[in-house]
Amino acid sequence: MKKSAFLFVLLLSAAGSAILAPSAWGQAPPQRIEITAQRFVFKSGEVTVKVGQPVTLVLKSADVGHGLRIQALDVNIKVKADETGEVTFTPTKTGDFTGRCSVYCGSGHHSMSFVLHVVA
């Protein structure tokens with residue numbers, strides 16, 4: 001009898017966890033977008049996401065220190081040479097938002113740009 005009571009409590013506990021899990025509320029995990037920064041370009045240079053849905057931008061440096069700043073969305077990631085950094089946020093407005101490299105990386109630094117398209 002003790003074994004069946006234990007299993008019952010265990011099942012209730014698991015069911016409770018499923019009820020409280022964010023995915024059960026309809027909120028999907030963040031969309032993960034990987035961007036590689038390399039003198040003097042971002043690969044992928046343009047990405048489209050949906051307004052109101054969480055996004056994780058993952059910035060990888062392929063050579064020297066780089067950054068990605070999207071001022072209008074208050075996003076700023078900085079990475080050292082051959083490192084990775086990330087930031088998670090939820091876009092609250094639609095539009096095309098330009099990001100720039102925020103760490104000086106050489107003579108072509110000012111030409112580095114990234115566009116985040118946020119759609120409904």
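Visitor: How many helices and strands are in the chain?
Guide: The chain has one helix and nine strands, where helices (H or I, at least four residues) and strands (E, at least two) are DSSP runs numbered from the N terminus. Along the sequence the pattern reads α-β-β-β-β-β-β-β-β-β. The model is predicted, so local features need pLDDT of at least 70 and side-chain atom pairs count only at pLDDT 80 or more, while totals for chains, interfaces and linings use all residues. Residues are numbered from 1 along each chain as its sequence is written, and side-chain values use heavy atoms, with hydrogens and water left out.

Visitor: What makes Phe-114 buried or exposed?
Guide: Buried means under 20% relative accessible area, exposed over 50%, and partly exposed in between (1.4 Å probe, protein chains only). Phe-114 has a relative accessible area of 0%, so Phe-114 is buried. Phe-42, at 3%, is buried as well. Of the 120 residues of the chain, 32% count as buried.

Visitor: Which residues have the most contacts inside the largest nonpolar core?
Guide: They are Ile-35, Phe-42, Leu-57, Leu-59, Ile-70, Phe-114 and Leu-116, in a core of 23 residues. Such a core is a set of buried Ala, Val, Leu, Ile, Met, Phe, Trp, Tyr and Cys residues joined through side-chain atoms within 4.5 Å. Strands that each supply at least two of its residues include strand 1 (31-38), strand 4 (55-61) and strand 9 (113-119).

Visitor: What is Leu-59 in contact with, leaving aside its neighbours within four places in sequence?
Guide: Contact means heavy atoms within 4.5 Å. Among the residues that Leu-59 touches, with those neighbours left aside, are Ile-35, Phe-42, Leu-68, Ile-77 and Val-79. For the chain, 62% of contacts between residues at least 6 apart in sequence join residues at least 24 apart.

Visitor: Why is the pair of Phe-42 and Phe-114 called what it is?
Guide: Rings of Phe, Tyr and Trp (its six-membered ring) pair if their centres lie within 6.5 Å; planes under 30 degrees apart count as stacked, over 60 as edge-to-face and the rest as tilted. Here the centres are 6.3 Å apart and the planes are at 75°, so the pair is edge-to-face. The structure holds one aromatic pair. Phe-42 lies in strand 2 (residues 41-43) and Phe-114 in strand 9, 72 residues apart.

Visitor: How do you know that Glu-86 forms a salt bridge with Arg-32?
Guide: A salt bridge needs a side-chain nitrogen of Lys or Arg within 4 Å of a carboxyl oxygen of Asp or Glu. The closest N and O atoms of Glu-86 and Arg-32 are 3.3 Å apart, and the pair counts. Glu-86 is in strand 7 (residues 84-89) and Arg-32 in strand 1, so the bridge ties together parts that are 54 residues apart in sequence. At 48% relative accessibility, Glu-86 counts as partly exposed.

Visitor: How many salt bridges does a search of the whole structure find?
Guide: The search finds two. In one of them, Lys-60 is joined to Glu-34, with the closest N and O atoms 3.0 Å apart. This pair links strand 4, which holds Lys-60, to strand 1, which holds Glu-34, 26 residues apart. Lys-60 has a relative accessible area of 32% and is therefore partly exposed; Glu-34, at 44%, also counts as partly exposed.

Visitor: What makes the link between His-117 and Asp-96 a polar contact?
Guide: A polar contact is a pair of N or O atoms within 3.5 Å; within protein, one must be able to donate a hydrogen and the other to accept it, and residues adjacent in sequence count only if both atoms are side-chain atoms. The side chains of His-117 and Asp-96 are joined at 2.6 Å. His-117 is in strand 9 and counts as buried, at 18% relative accessibility.

Visitor: Which side chain makes a polar contact with the side chain of Thr-56?
Guide: That of Thr-88 does, at 2.7 Å. Thr-56 sits in strand 4, and its relative accessibility of 5% makes it buried.
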